[in-house]
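Here is my note on the model. Please read it with the structure open.

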Amino acid sequence: MALKHYNWEDGPDAIQQHSIAKHRILQSYLAAYFKTLVSSPNQDELRLTIVDGFAGGGLYYHQDTKELIKGSPFVCLNATKEAEFLLNQGRRKPLKLDVSYFFIEANRNAYLHLDKVLRQDGYASQIGNTIQVRHAKFQNEVDNIIQSIKRKSPRNGRSIFVLDQYGYKEVPTGLIQKIFANLPSAEVILTFGVDSFVNFASDKDLTNELLDEIGITDAWQGKSIEEIKSSEKEWRYFIQSALYRSLVSRCGAEYYTPFFIRNNQGHGDYWLIHMSQHFRARDVMTKVHWDNQNYFIHYGGAGLNMFQMVGYDPDHDASLSGQSSLGFEFDDIARKTSIATLAAQIPRLIFSNNDGMSFGELFAKTCNGSPASASIYQETIHELLTNKILDVVGVNGEIRRSAIQIKNNDQIMPAAQRSLFGI
């Protein structure tokens with residue numbers, strides 16, 4: 001997730017702390033991914049392909065501590081090994097994680113260094129078999145990779161593409177669209193160097209040519225760059241609220257999270273976008289954001305309409321909501337603000353439909369517009385149950401009384417005996 005090209009000509013290159021955050025997020029996401037997909041004790045295998053399209057040289061040293069830091073290929077390999085060990089604890093039927101890897105690197109020094117450190121770490125026998133290390137540009141390899149994934153997982157094309165590009169223009173939207181069009185269960189974790197992009201962007205033709213190259217020609221929605229840059233908070237908010245719409249819609253993903261990796265050392269923020277075709281995958285990544293709150297920030301609001309702030313909105317007034325003036329920091333304050341905002345918004349949706357709505361339908365229809373996880377939705381509905389504003393009924397008529405009991409198929413309805421103080 002670098003904003004500069006690494007070298008590896010003379011061994012490991014330096015990495016900054018905020019770039020290491022990406023590795024931790026990737027590790028956390030893979031651990032949660034395996035746990036989510038292997039929920040049945042009768043399952044004996046999971047097939048997956050992990051593609052690291054900008055793999056780097058495999059080893060860095062920490063810029064401040066000089067400690068050696070393993071790169072994203074090792075994060076993927078180690079996450080799989082740890083998940084297989086943990087998931088097999090207490091199982092009577094052994095589970096095999098059948099994972100193939102593509103590590104693609106365009107820089108020759110980096111490619112040679114990655115190949116060397118993988119072999120030194122004991123992966124020599126897997127290179128050329130389950131591990132493919134390619135000296136190439138990702139965009140030149142993607143067609144072959146897609147075909148390989150189709151052969152391995154013909155039914156669903158289960159795969160994760162980690163596209164940690166240098167900057168912002170090496171992964172055009174058409175390339176991601178091709179992945180989703182061919183692989184129904186693919187997920188993409190894309191980074192975008194926001195500061196680099198905004199530093200470059202201007203009202204000159206070069207910026208329009210760049211947007212054409214990325215595939216998001218109409219991203220600015222009629223605003224000039226000078227208008228967008230008039231306020232630091234405003235342009236970061238605008239990036240999230242407008243640019244992501246163009247980018248995600250052109251990529252063909254149904255579900256997405258568009259939040260920033262924060263850089264406490266000043267400039268160098270980058271945007272981490274997770275794209276998938278299923279709301280459960282979206283929720284797994286959202287939980288990772290909340291579990292790793294020190295690394296993430298969001299410049300929109302809480303609730304169901306995080307990017308629909310037009311003019312002054314007291315729900316987003318930092319002095320009233322308690323939210324940091326910097327943004328939504330996925331902390332306890334953000335959680336309380338989320339529950340309070342959802343508690344005001346969800347009943348309006350439920351009351352507008354005589355039959356109510358299932359919990360799964362509510363979450364699937366609204367999650368893209370919210371920084372809240374499914375568990376925060378459940379906590380909110382628990383409060384609404386307690387206050388006799390809503391009822392939740394299971395498919396066999398069970399009455400739900402707590403957040404932990406709420407399932408995707410449960411129906412949420414206006415309370416039969418509504419509180420006088422409710423909505």
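1. Start at strand 13 (residues 390-393), which pairs with strand 14 in the antiparallel sense over four bridges. Within this pairing, Val-392 has Ile-412 in strand 14 as its bridge partner. Strand 14 (residues 411-414) also runs antiparallel to strand 12 (residues 357-358), joined by two bridges. There, Ser-358 stands opposite Gln-411. Two strands count as paired if DSSP finds at least two bridges between them. Helices (H or I, at least four residues) and strands (E, at least two) are DSSP runs, numbered from the N terminus.

2. A word on the source: this is a predicted model, where local features need pLDDT of at least 70, side-chain atom pairs count only at pLDDT 80 or more, and totals for chains, interfaces and linings use all residues. Residues are numbered from 1 along each chain as its sequence is written, and side-chain values use heavy atoms, leaving out hydrogens and water.

3. Strand 2 (residues 45-52) runs parallel to strand 7 (residues 159-163), with four bridges between them. Thr-49 stands opposite Ser-159 in strand 7.

4. Which residues of helix 5 (residues 173-182) are buried? They are Thr-173, Leu-175, Ile-176, Ile-179 and Phe-180. They cover an arc of only 160° around the axis, which puts them on the same side of helix 5. The arc is that of the directions from the helix axis to the C-beta atoms. Buried means under 20% relative accessible area, exposed over 50%, partly exposed in between (1.4 Å probe, protein chains only).

5. Last, the salt bridges (a side-chain nitrogen of Lys or Arg within 4 Å of a carboxyl oxygen of Asp or Glu). The structure holds twelve. Arg-47 forms one with Glu-45, the closest N and O atoms being 3.2 Å apart. Arg-47 also meets Asp-98 (3.8 Å, N to O). That pair links distant parts of the chain, with Arg-47 in strand 2 and Asp-98 in strand 5 (residues 96-105), 51 residues apart.

6. Asp-98 meets Lys-152 as well (2.8 Å, N to O). Lys-152 lies in helix 4 (residues 138-152) and Asp-98 in strand 5, so the pair ties together parts that are 54 residues apart in sequence. Both Asp-98 and Lys-152 are buried. Shared partners join Glu-45, Arg-47, Asp-98 and Lys-152 into one network of salt bridges.
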